[in-house]
Amino acid sequence: MLRNPTPTGLKLKPTRLSLTDLLLLGLSPLRTRPLRAVLSALGISIGIATLVVVTGIPASSRAALMEEFAALGTNLLRAEAAPGANNEAASLPPDSVAMVERIDPTEKVSAVANTHAVVRRSDRIPDSETSGLTVLASKLNLLDTLNGHVHTGTFLNEATEKFPTVVLGHIAATRLGITAPDAQVRINDTWFTVIGILDPLPLAPEIERSALVGWDAAKQLGFDQRPTVLYLRAQEAAIDDVRAVLPPTVYPQQPSQVRVSRPSDALTAKRLTENTFSALMLGLAGVALLVGGIGVANTMVISVLERKREIGLRRALGANRGQVRTQFLTESVVLCLLGGVAGVLLGLIGTAGYAAVHDWPAVIPIEMVLAGLAAAVLTGVVAGVYPAVRASRLTPTEALAAP
């Protein structure tokens, strides 16, 4: 007579699956159904790649902008006279530059003045065609104040400012079809020799569309020696104080007629617009993750239906419900994690390529990479819960009897 080898009242503890066994079970879909696994992970990859790209590209753009700020400076102020009642041109007092230089935190002051002259490439061009360019009388330290650079040729100096010489802004040179110095342009009825072409000036776009002549040379164009725009740099810590006292210093009689702006504020507004766009793209990344998660959940449900016999056999051999749940949950997490890693790599490559094309420093926020991997794991858990529970509820007889 056979006796029960197990003592009465003693329960056998179920064998625990090791971490290695769980990983092998999780990787089993890649070995048995590689195409389905790749297609399921593709949705997760797209979502994570989008997440990395829409955070990496703005971060790279922001880093490039900060480099521009470091070169151009955020301590630049622009003061100009407000237009008259009928939008007629206005100007500042002739001694406004000297008056601003007396403000203690001020480091550099320069000025330009609209001569209201017209520049043309040839005397054959009709008077009605102006190319939308402005002729400005310029102080010699303008380029130094704006932290600008000459692309080719030289800027105005003490010798050339007294003669009919001109320096063209980046856009002005393009519209006039001039690529090198020594060419000539006609300003009103006088020929001026081009001695230089400037690099782009992001904080002073009006200079890019202008032809700059010397303060003295502009007298022959009917210039009244009254500046129209002042550019000044002040100590960064005192920039707000200087901005407040600038109007009464420039125009003591009518300080309300002086408008003071900070050109870098325009770039800040641009950055806010880009951040809004980034928020929209992050929303799209969330949608992509949701679609990918639904795809993984669908794959796992089908996997449970297709592997009923395997589930029944494992239950018959002693696997409990918790082990079956763990098996399918692990498969879902591993599938999403692999898709997340692939998405991160795709996002890194996409961000680096975009930054290289635009000559930006490639910046990848590490917190977003970690967030992307965490999102992939979370998606795997959520997508695998229902299929795992469904698989664990199958009894051995029900699973083995499945067709």
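Select Glu 80 and Arg 259: they form a salt bridge, with the closest N and O atoms 3.6 Å apart. The pair links distant parts of the chain, Glu 80 in strand 1 and Arg 259 in strand 11 (residues 258–261), 179 residues apart. This is a predicted model, where local features need pLDDT of at least 70, side-chain atom pairs count only at pLDDT 80 or more, and totals for chains, interfaces and linings use all residues. Residues are numbered from 1 along each chain as its sequence is written, and side-chain values use heavy atoms, leaving out hydrogens and water.

A salt bridge here is a side-chain nitrogen of Lys or Arg within 4 Å of a carboxyl oxygen of Asp or Glu. Helices (H or I, at least four residues) and strands (E, at least two) are DSSP runs, numbered from the N terminus. Arg 259 is partly exposed, at 41% relative accessible area. Buried means under 20%, exposed over 50%, partly exposed in between (1.4 Å probe, protein chains only).

**Next: Arg 78 and Glu 206.** Their salt bridge has its closest N and O atoms 3.1 Å apart. Arg 78 lies in strand 1 (residues 76–81) and Glu 206 in helix 6 (residues 205–208), so the pair ties together parts 128 residues apart in sequence. Arg 78 counts as buried, at 15% relative accessibility. Glu 206 is partly exposed, at 21%.

**Then Lys 108 and Asp 144.** Their side chains meet in a salt bridge of 3.5 Å, N to O. Lys 108 sits in strand 2 (residues 106–114) and Asp 144 in helix 4 (residues 142–146), so parts 36 residues apart in sequence are tied together. Both ends are partly exposed: Lys 108 at 29%, Asp 144 at 45%. Now select Arg 78, Glu 80, Glu 206 and Arg 259 together: salt bridges that share partners join them into one network. The structure holds 5 salt bridges.

**Go to Trp 215.** The charged end of Lys 139 sits over its ring, 4.3 Å from the centre. The criterion is NZ of Lys or CZ of Arg within 6 Å of the ring centre and within 35 degrees of the ring normal. Rings of Phe, Tyr and Trp (its six-membered ring) pair if their centres lie within 6.5 Å; planes under 30 degrees apart count as stacked, over 60 as edge-to-face and the rest as tilted. By this rule there are 2 aromatic pairs. In one, the rings of Trp 215 and Phe 223 have centres 5.0 Å apart and planes at 85°, so the pair is edge-to-face. Trp 215 is buried, at 8% relative accessible area. Phe 223 is buried too, at 8%.

**Colour strand 8 (residues 190–198).** Strands pair if DSSP finds at least two bridges between them.

- Strand 5 (residues 150–153) pairs with strand 8 in the antiparallel sense over 3 bridges. Thr 152 has Ile 197 as its bridge partner.
- Strand 6 (residues 165–168) pairs with strand 8 in the parallel sense over 4 bridges. Val 166 stands opposite Val 194.
- Strand 7 (residues 184–187) runs antiparallel to strand 8, joined by 4 bridges. Gln 184 has Thr 193 as its bridge partner.

Zoom in on the hairpin of strand 7 and strand 8. There are 2 residues between the strands, and Asn 188 takes a positive phi near 55°.

**Last stop: Leu 39.** Leu 39 lies in helix 2 (residues 34–72). At 54% relative accessibility, Leu 39 counts as exposed.
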